[in-house]
Amino acid sequence: MPHAFVFDAYGTLFDVHAAIARHRDAAGPDADRFSEIWRTKQLEYAWMLSAAGHYVDFWTLTERALDYAFARVPSVDRALRTTLLDAYFKLDAFPDARTALAALKRKGLKTAILSNGSPKMLTGAVSAANIGADLDAVFSVDAIRIYKPRRQVYALVTDAFALAPSDVAFVSSNRWDVMGATAFGFRCVWVNRSAAPDEYPEFKLVAVVRDLGALATLEL
């Protein structure tokens, strides 16, 4: 077994569409499209800024992406802006997140989050989900001011835990994220909740699972 299991936060432990889900009736019939645009632009801003050598914290990007979604989907009332941001700050954890973390801790393994999220965002989400007791560390890219999938981000884990990359199992629902982590040398598990096609076949994964519940029994 690896010595540590490290998790992406958004989309892996926390449901990025939960903010809209809580206010679906108020958002109206275009709620799902609105939420997809919000998430897509949030990531795109992070990637493009990193490529250009610039950094803006993830909460600011989340706000900018929300404003873009409002502009693209005018059927959603802009009066929901504050309500949706409040909901995003305390996203729902997936039901399998708490049980998976607790099971890994019972095995004596280190657990951590490695996320693009700002420290304040991650503190809010971890606290709302009540999973802090089952985490040894929460790593934010804010410490180095660059976003995944740059190698420096994954090195935050190996430097802090004094582990080789091969001693770390990295778990993410984002295929681009496990691509970057695989290139770094982590043993990667893709949580493919939506049965999406594999976009990076040359970056081989240790395992593909449909949910986090399978982690405790995997042989990595």
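User: Is Asp67 buried, exposed or partly exposed, and at what relative accessibility?

Analyst: Asp67 counts as partly exposed, the class between buried (under 20% relative accessible area) and exposed (over 50%), using a 1.4 Å probe and protein chains only. This is a predicted model: local features need pLDDT of at least 70, side-chain atom pairs count only at pLDDT 80 or more, and totals for chains, interfaces and linings use all residues. Residues are numbered from 1 along each chain as its sequence is written, and side-chain values use heavy atoms, leaving out hydrogens and water. For Asp67 the relative accessibility is 27%.

User: Which residue forms a salt bridge with Asp67?

Analyst: A salt bridge needs a side-chain nitrogen of Lys or Arg within 4 Å of a carboxyl oxygen of Asp or Glu. Here the closest N and O atoms are 2.7 Å apart. Asp67 lies in helix α4 (58-72) and its partner in helix α5 (81-89), so the pair ties together parts 14 residues apart in sequence. The partner, partly exposed at 26%, is Arg81.

User: How many residues apart in sequence are the parts that Lys148 and Asp8 tie together?

Analyst: The closest N and O atoms of this salt bridge are 3.0 Å apart. Lys148 sits in the loop between β3 (137-140) and α8 (151-161), Asp8 in the loop between β1 (4-7) and α1 (18-22), so the separation is 140 residues.

User: Which helix holds both Lys41 and Glu44?

Analyst: Their side chains meet in a salt bridge of 2.9 Å, N to O. Lys41 is buried at 13%, while Glu44 is partly exposed at 31%. They are 3 residues apart, about one turn of helix α3.

User: Which strands stand at the edges of the sheet?

Analyst: Strands are DSSP runs (E, at least two residues), helices likewise (H or I, at least four), numbered from the N terminus. The open sheet has 6 strands, ordered β3-β2-β1-β4-β5-β6, with parallel pairing, where a pair needs at least two DSSP bridges. Two strands have a single partner each, so one side of each is left without a neighbour: β3 and β6.

User: At what angle does helix α9 run to β5?

Analyst: β4 (168-172) and β5 (187-191) pair over 4 bridges, and Val171 stands opposite Val189. Helix α9 (175-184) lies across both strands. With axes fitted to C-alpha atoms, for helices over the stretch in contact (heavy atoms within 4.5 Å), and angles from 0 to 180 degrees between N-to-C directions, the angle is about 175°.
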